[in-house]
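Please have the sequence and the coordinates open side by side.

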Amino acid sequence: MRSGSPRLLAVYVGAMSILLLLPIAIVVILAFSGQSYLKFPPDSLSLRWFIAFFGDEQWRQSLYLSIAIATIASILSTLFGFLAAYAFVRGTFRGKAVLLSLLLMPMIIPTVITSIALYFFSTRLDLIGNIFWIGCCHAVIALPVVLLILLSTLQGVDSSFERAALSLGASRWHVFTRIVVPLAAPGLVSATLFAFLVSFDELLIAMFLTNVRDQTLAVRIWNSLHLEVEPTIAAVSAFLIAVTGLLLLADWIIRRRLRAVSWR
């Protein structure tokens with residue numbers, strides 16, 4: 001019974017993986033449909049909907065807007081998340097557990113509640129449609145992900161390196177920039193890429209904070225589903241899946257190379 005358990009577990013994991021990947025595979029196949037309506041399986045294959053996606057100015061504008069907002073969110077959340085994680089790992093102060101719970105709260109609270117709160121706050125400050133402000137709001141929900149990644153990373157950084165550098169006369173800033181940051185570089189890369197993905201795929205906050213003229217890619221997909229379901233939406237969805245896969249692959253490659261360099 002015990003000898004068969006690993007095989008049974010492997011079959012179960014494989015079946016569940018196929019079940020989870022099946023909807024993604026269907027969307028990707030539909031994206032290459034040559035028909036003017038969604039049908040699975042498609043009668044013909046074509047790149048016409050990808051051409052329509054990249055050739056449409058409104059879709060391109062939404063793509064550029066999503067990239068800009070995600071870049072702002074990833075930079076801000078990684079910066080503040082790294083400083084917070086370093087303070088939690090190395091610092092000793094009262095209320096550490098309470099403060100950590102507050103920073104992780106956006107991961108626990110439903111996004112729609114966070115979106116409503118940010119909407120009313122943004123309305124009072126007349127910041128609806130401001131790209132930088134939307135990036136800041138996306139950083140709020142990306143921060144917990146960044147914080148968890150960097151907490152794990154910094155706990156693996158030996159503090160004896162920092163103490164040795166301080167004993168040799170190095171300043172705190174020198175120790176932080178020349179020792180802590182390079183050793184934590186793999187985690188920083190992962191945190192930045194995951195924060196980018198969180199913001200790039202975010203729908204609810206973008207729906208509340210964008211205006212009619214400037215819409216992110218996720219919002220435009222949502223609005224298009226209400227108007228007309230066409231294969232262009234499948235092409236955009238396949239593009240988002242490809243972006244996610246490429247970023248995860250880039251994260252894996254960069255982490256391997258950074259770890260190889262650190263071991264040298």
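The side chains of Thr-78 and Thr-192 are joined by a polar contact of 3.3 Å. Such a contact is a pair of N or O atoms within 3.5 Å; within protein, one must be able to donate a hydrogen and the other to accept it, and residues adjacent in sequence count only if both atoms are side-chain atoms. The model is a predicted one, in which local features need pLDDT of at least 70 and side-chain atom pairs count only at pLDDT 80 or more, while totals for chains, interfaces and linings use all residues. Residues are numbered from 1 along each chain as its sequence is written, and side-chain values use heavy atoms, with hydrogens and water left out.

Thr-78 sits in helix H3, residues 57-90. Helices (H or I, at least four residues) and strands (E, at least two) are DSSP runs, numbered from the N terminus. Is Thr-78 buried or exposed? Thr-78 counts as buried because its relative accessibility is 8%; buried means under 20% relative accessible area, exposed over 50%, and partly exposed in between, with a 1.4 Å probe and protein chains only. Leaving aside residues up to four places away in sequence, Thr-78 touches Val-146, Leu-150, Leu-188, Ala-191 and Thr-192, where contact means heavy atoms within 4.5 Å.

Leu-188 also takes part in a helix pair. Val-181, Pro-182 and Leu-183 in H8 meet Ala-185, Pro-186 and Leu-188 in H9. The residues of this contact of H8 with H9 comprise six nonpolar, no polar and no charged. For these classes, Ala, Val, Leu, Ile, Met, Phe, Trp, Tyr, Cys and Pro count as nonpolar, Asp, Glu, Lys and Arg as charged, and the others, Gly among them, as polar. The axes of H8 (residues 172-183) and H9 (residues 185-200) come within 4 Å and cross at roughly 65°. Axes are lines fitted to C-alpha atoms, for helices over the stretch in contact, and angles run from 0 to 180 degrees between N-to-C directions.

Asp-126 is in the loop between helix H5 (111-124) and helix H6 (131-155). Its phi is near 55°, a positive value in a residue other than glycine. Asp-126 is exposed, because its relative accessible area is 68%. Met-105 belongs to helix H4, residues 96-108, and counts as partly exposed at 34% relative accessibility.

The C-alpha trace spans about 70 × 65 × 35 Å along its principal axes. Of the 264 residues, 38% are buried. Among contacts with a separation of 6 or more, 72% come from residues 24 or more positions apart.
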